[in-house]
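The following exercises concern one protein structure. Please study the sequence and the model before reading each solution.

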Amino acid sequence: MLIAGFPAGAWGTNCYLLAPAAGEECVIVDPGHRAADGVAEAVAKHRLKPVAVVLTHGHLDHVASVIPVCGAHDVPAWIHPADRYMLTDPEKALGMSVGAPLLGDLTVGEPDDVAELADGAELELAGLSLTVAHAPGHTKGSVTFRLPEQQDVPQVLFSGDLLFAGSIGRTDLPGGDSAEILQSLARVCLPLDDSTVVLPGHGPQTTIGRERAGNPFLQEPAAGRADGPAAPPRHQRRM
């Protein structure tokens, strides 16, 4: 298994490329702001052939490079239908303006080929099986992608902005809901084995066991509570 990741752009959003091995087909997760060059470098370095882009949600910091990346490799982008509008109207999704200088280097809109994700779907892409879980709370169309355990490689969860190391995604933007994100954590994250590796949308990787033990927002739903405080953004520029 090959997973290559790098933080991209103004918000340091983690973009990932995953493939069975170097020299094979790959899937790209969340090509965000100014991620196209990093994707091209990783593709060349590992001799990969992209076959799809998959998006954990529609916020600009996770989708800003979807048009150039999909166009360069002639591949589709997968997104949950509840967040699809964000591809063409990113400022509405944020409830604020991100600023003309930033928007000046973006191509806003949908790529040529867009496919919609559904809860529980099994995506067979690049020789990999990705399980989709709808996980609203950060946005209405937030999802996670899970790769099953393979030989000596533990299960991997691409959590987007649902779960971070020590925190969770903010819920103060349009479509956010603090009770809903706790419900998603309880349904999507808590049933997973402690050994599950979590690759989040921002910050360092972690494990479900580490977050179960020390993340106060994961402990809320573990205690059976359906409400609780919204997580503050750990960095003011994170979406």
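**Exercise 1.** What is the order of the strands in the open sheet of six strands?

*Solution.* This is a predicted model, in which local features need pLDDT of at least 70, side-chain atom pairs count only at pLDDT 80 or more, and totals for chains, interfaces and linings use all residues. Residues are numbered from 1 along each chain as its sequence is written, and side-chain values use heavy atoms, with hydrogens and water left out.

Step 1. Strands are DSSP runs of E with at least two residues, numbered from the N terminus; two strands pair if DSSP finds at least two bridges between them.

Step 2. The order is β7-β8-β9-β10-β13-β14, and the pairing is mixed.

Step 3. The edge strands, β7 (122–125) and β14 (206–207), each pair on one side only.

**Exercise 2.** State in which sense β13 and β14 pair, and over how many bridges.

*Solution.* Step 1. The sense is antiparallel, over two bridges.

Step 2. Thr206 in β14 is the bridge partner of Val198.

**Exercise 3.** Determine how many residues of the protein there are and what share is buried.

*Solution.* Buried means under 20% relative accessible area, with a 1.4 Å probe and protein chains only. Of the 239 residues, 55% are buried.

**Exercise 4.** Which element gives the most to the lining of the largest pocket?

*Solution.* Step 1. On a 1 Å grid over the protein atoms alone, a pocket is an open set of points where a 1.4 Å probe fits, with protein on both sides within 12 Å along at least five of seven lines; lining residues have an atom within 4 Å of a point.

Step 2. The lining comprises 13 residues, and Ile3, Tyr16, Val197, Leu199 and Gln205 lie nearest the centre of the pocket.

Step 3. β1 gives the most, with three residues.

Key: Buried < 20%, exposed > 50% of the residue type's maximum accessible area, 1.4 Å probe, protein only. Helix = DSSP H or I, 4+ residues; strand = E, 2+ residues; numbered from the N terminus.
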